[in-house]
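Look at the sequence and the structure below.

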Amino acid sequence: MSLSLKPGFSFGGVLQKLYPEENLTRQEIILENSDEYWMAQALSKSMENGCAANPNPSVGCVVVLNNKIISSGCTERWGGKHAERVAFESLKVGDLEGTTVYVTLEPCTHVGKQPPCVELFRNRGISKVVIGSEDPNPIVSGNGIQQLKEMGIECKVGVLKTEVQAWLSPFFIQQRNHRPLIALKWAQSLDGCFADDHDGWQWISGIHSRKYTHWLRQKYDAILIGVGTLLNDFPSLDVREIQNQYKRDPLKIIYDPFGKIFQCTEQEQAILTEKTFKLGTKQIILIGTQVLLDEKEKNNKWFQFLKNNENFILQKINDNSENKMTNIIVESLKCKEIDEFLGRPLQSILIEGGPRLLSLFLQEKNYDVLHVFIAPFFLGGEKNKLFSKKQRALIPYIFRDVSKVERMKIVVQERLGNDILLEMVQEN
Ligand SMILES: NC(=O)c1ccc[n+]([C@@H]2O[C@H](COP(=O)([O-])OP(=O)(O)OC[C@H]3O[C@@H](n4cnc5c(N)ncnc54)[C@H](OP(=O)(O)O)[C@@H]3O)[C@@H](O)[C@H]2O)c1
């Protein structure tokens, strides 16, 4: 992503949509013309089903006549109707005459689980179609626009393109790089602490940042945390704080290379069963091969419970591989069993900490997006920081020279309540 997003937009879409009751973001949405204004409405609309359309893109469409939206739609659940079909189906014959249709992604031209959307535009008297971004899918890319032009419809392409592509980033990464998007997320104090040194369980960020986090949990397919965080925080890792018609909880994945989870006390097992592992939500535990084969675990009742429970997969890690550790982790998630477990291909992973697991992904430069919340206070701790001493024992961290560091590119900078949200990507 070469450009920064306009104020008021983020990888989570239109920020104000998440806080309808208050004007929380410091920055007003600054739009340059009416096409941008209506495209922002279409992008906002595209967020209404969360990301229930995954692995299809969550697209939004608004139909405008005489400066008013006469109909709108967003993509339904995977396999359901696309945004344009939803927007057009409530209109009568002739209603589209003279309208401008704003759609965040180029209309599709192929038969998938739905017929091609581009045909919906034929002979309807539509004056103009404004498109946010071309579709990265090679079967569609450019063809939808070409066919609209052949129908004699004026087309404008690339309005709020960067903002649309940020919202649809898992789909774009999957189409272009054939792998899941990796997002890292954390909250820190001004001096870079993720928690205090007593390992007390307390939120670093405020309510508005947490609301945004819950929105991201719904956007991404899976959450990955380290077993250190699991056994310290017992997080629920579900989607709360937001209202949504298609609210969905992501898959929960725990990185536990040494099988620490199997050594839990009965009290810890009870809390896990109540919170993180509460039944009805699917989870995967990633562990190392030797632990799975370890004889002594065969007599461990808790191990047997997790192993035989249909809500869990104990996934092996190929820890003999020469590959980077983070690639091994991600590769181990790309398998038929996990796709079946999820009900669709895994398109994105949100890594929520703790600092040691995040350091590993940062050290190995294995990420697409960083979501960082900075809270305005100091903690003065040492333990729970990126590249802390504990981490350096696990991976030899080479101290870098300031003159040689690669700076990340800040794509979003917003105030959320009393915190600052920074969203960054790797430069180039
Ligand atoms: N502010 C935030 O956004 C945030 C988010 C999440 C968590 N936290 C805080 O972070 C703390 C827990 O984090 P943590 O850093 O201790 O643990 P963590 O990152 O959650 O877990 C890392 C786990 O991976 C294992 N591991 C093995 N090899 C590794 C390697 N090469 N690199 C990294 N990990 C490896 C570690 O094993 P071993 O234990 O055997 O070494 C450890 O159990 C808690 O206090 C929690 O509250 C804060």
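The C-alpha centres of domain 1 and domain 2 lie 35 Å apart in this predicted model. According to the domain assignment, domain 1 covers residues 31–167, and domain 2 covers residues 179–425.

**Contact between the domains**

- Domain 1 gives nine residues to the contact, and domain 2 gives 11 residues.
- On the side of domain 1 that touches domain 2, four residues are nonpolar, three are polar and two are charged.

**Helix α6**

- Helix α6 runs over residues 207–219 and has 13 residues.
- At 1.5 Å a residue, helix α6 should span 18 Å, and this agrees with its end C-alpha atoms, which are 18 Å apart.
- The buried residues in α6 are H208, S209, Y212, T213, W215, L216, R217, Q218 and K219.
- Strands are part of what covers these buried residues of α6, including β8 (181–188), β9 (222–226) and β13 (348–351).
- The cover also includes β14 (369–374), β15 (409–416) and β16 (419–425).

**Around the ligand**

- There are 28 residues around the ligand, and of these G226, G228, G353, G354 and R356 come nearest.
- The elements that give two or more residues to this shell are β8, β9, α7 (227–233) and α13 (355–363).
- Which element gives the most to the shell around the ligand? It is α7, with five residues.
- Sorted by class, the shell around the ligand holds 16 nonpolar, seven polar and five charged residues.

Conventions: Residues are numbered from 1 along each chain as its sequence is written. This is a predicted model: local features need pLDDT of at least 70, side-chain atom pairs count only at pLDDT 80 or more; totals for chains, interfaces and linings use all residues. Helices (H or I, at least four residues) and strands (E, at least two) are DSSP runs, numbered from the N terminus. The expected span of a helix is 1.5 Å times one less than its number of residues. A residue is buried if 20 or more other C-beta atoms lie within 10 Å of its own, exposed if 12 or fewer, and partly exposed in between; C-beta atoms are placed from the backbone. Two residues are in contact if their C-beta atoms, placed from the backbone, lie within 7 Å. A residue is near a molecule or strand if its C-beta atom, placed from the backbone, lies within 6 Å of it. Ala, Val, Leu, Ile, Met, Phe, Trp, Tyr, Cys and Pro count as nonpolar, Asp, Glu, Lys and Arg as charged, and the others, Gly among them, as polar. Domain bounds come from an automatic or database domain assignment.
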